[in-house]
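Please go through the site around the ligand and the backbone geometry of one loop.

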Amino acid sequence: MKPKIGFMGLGIMGGPMAANILKAGYPLLVYNRTPEKAQPLAQAGAEVAATPKALAQAADVIIVMVTGPEALHELLWGAHGAAEELNSPKAFINMSSVSPYYTRAMAQRLAPSGVNFVDAPVSGSKKPAEDATLLILAGGAPGQVAAVTPILQTMGKKVIYCGEAGQGSMMKMMVNLLLGAMMEGLAEALNFGKLGGLDLEAMLDVIFSGPLNCGLYQMKADMFRHNAFPVAFPLKHMTKDFKFVVDTAYQTGAPAPVAHQLLHLYRLGLSHGLGDQDFAAIYQVLNGLVKP
Ligand code: NAP
């Protein structure tokens with residue numbers, strides 16, 4: 001019999017990820033702070049838990065996909081938190097993007113409970129979450145990751161083992177550093193060209209006709225064409241992740257000069273009210289369409 005999955009956090013990513021678990025035939029119990037977001041899943045056949053504690057009590061495998069450390073702390077150790085219901089042989093999988101440091105601290109704090117802790121953030125945005133084509137960056141004891149891999153595979157096209165707990169988060173920060181830098185690079189170059197009198201379509205043609213062509217730029221090109229940035233990956237979450245990148249770089253001693261600049265730029269995006277737009281809206285910070 002398939003284990004019962006308890007899924008907490010039904011936002012842009014968690015909603016479709018939980019839906020894919022249900023589609024794969026696992027019994028599903030969900031919880032979201034804002035209860036209305038659980039309705040589509042309830043209509044599709046999921047049970048809805050009243051609290052994180054009730055969810056953890058009833059589920060065999062508890063998955064969390066929320067904003068970051070504050071939300072995780074609330075769900076685990078806040079009022080009616082899940083932590084006291086975690087025990088062996090249950091598994092707890094954090095798929096939210098947090099720092100490797102926070103992940104290791106969370107794993108240590110949960111260790112006395114005996115729960116199998118897996119660190120499994122994802123690479124890929126709203127569409128891959130809907131299509132179950134995420135890349136899942138798994139950290140934890142190899143046997144514990146292997147035990148939950150069939151469940152992870154219902155949400156992604158590939159599960160990549162990254163090392164012990166914390167290394168999934170380290171991989172996630174590495175890839176988001178590259179993602180944030182590539183997006184800012186495109187935005188800066190297009191704005192540079194625009195102010196020098198170049199046509200946007202001609203610039204995109206040059207980029208797409210050579211080795212700089214890539215899936216990310218193809219996917220975001222229409223946002224630049226229309227100067228509209230409907231959210232897939234919110235700029236506020238990219239800003240959060242750059243804070244984790246910079247913190248991690250201090251801990252490891254890695255030079256990260258661009259990450260420091262990008263943290264500042266994405267933060268400017270927040271102060272310009274762009275937090276809930278897609279992170280490609282960094283273009284609007286650069287081109288001055290949004291006044292400080
Ligand atoms: P989102 O749409 O903003 O959803 C955030 C979720 O966290 C919601 O369920 C929200 O509940 C919950 N939450 C926030 N604060 C909470 C608190 N204090 N207590 C309880 N629940 C709380 O975010 P998302 O885009 O799905 O992202 C989720 C995670 O995936 C983040 O770590 C993000 O960095 C990562 N990620 C996102 C993408 C992407 O493209 N969007 C891609 C890869 C990874 P409410 O509904 O009540 O607000």
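Q: How many residues surround the ligand, and how do they divide into nonpolar, polar and charged?
A: This is a predicted model, in which local features need pLDDT of at least 70, side-chain atom pairs count only at pLDDT 80 or more, and totals for linings use all residues. Residues are numbered from 1 along each chain, and side-chain values use heavy atoms, without hydrogens and water. Surrounding residues have a heavy atom within 4 Å of the ligand, and the closest include N32 and K37. There are 27, divided into eleven nonpolar, ten polar (Gly among them) and six charged (Asp, Glu, Lys and Arg).

Q: Which side chain has an N or O atom 2.7 Å from an oxygen atom of the ligand?
A: A polar contact is a pair of N or O atoms within 3.5 Å. For the side chain of R33 the distance to a ligand oxygen is 2.9 Å. The side chain at 2.7 Å is that of N32.

Q: Which peptide bond is cis in the loop that holds P89?
A: Most peptide bonds are trans. With omega at about 5°, the cis bond is the one joining S88 and P89.

Technical notes:
Polar contact = N/O pair within 3.5 Å; in protein donor to acceptor, adjacent residues only side chain to side chain.
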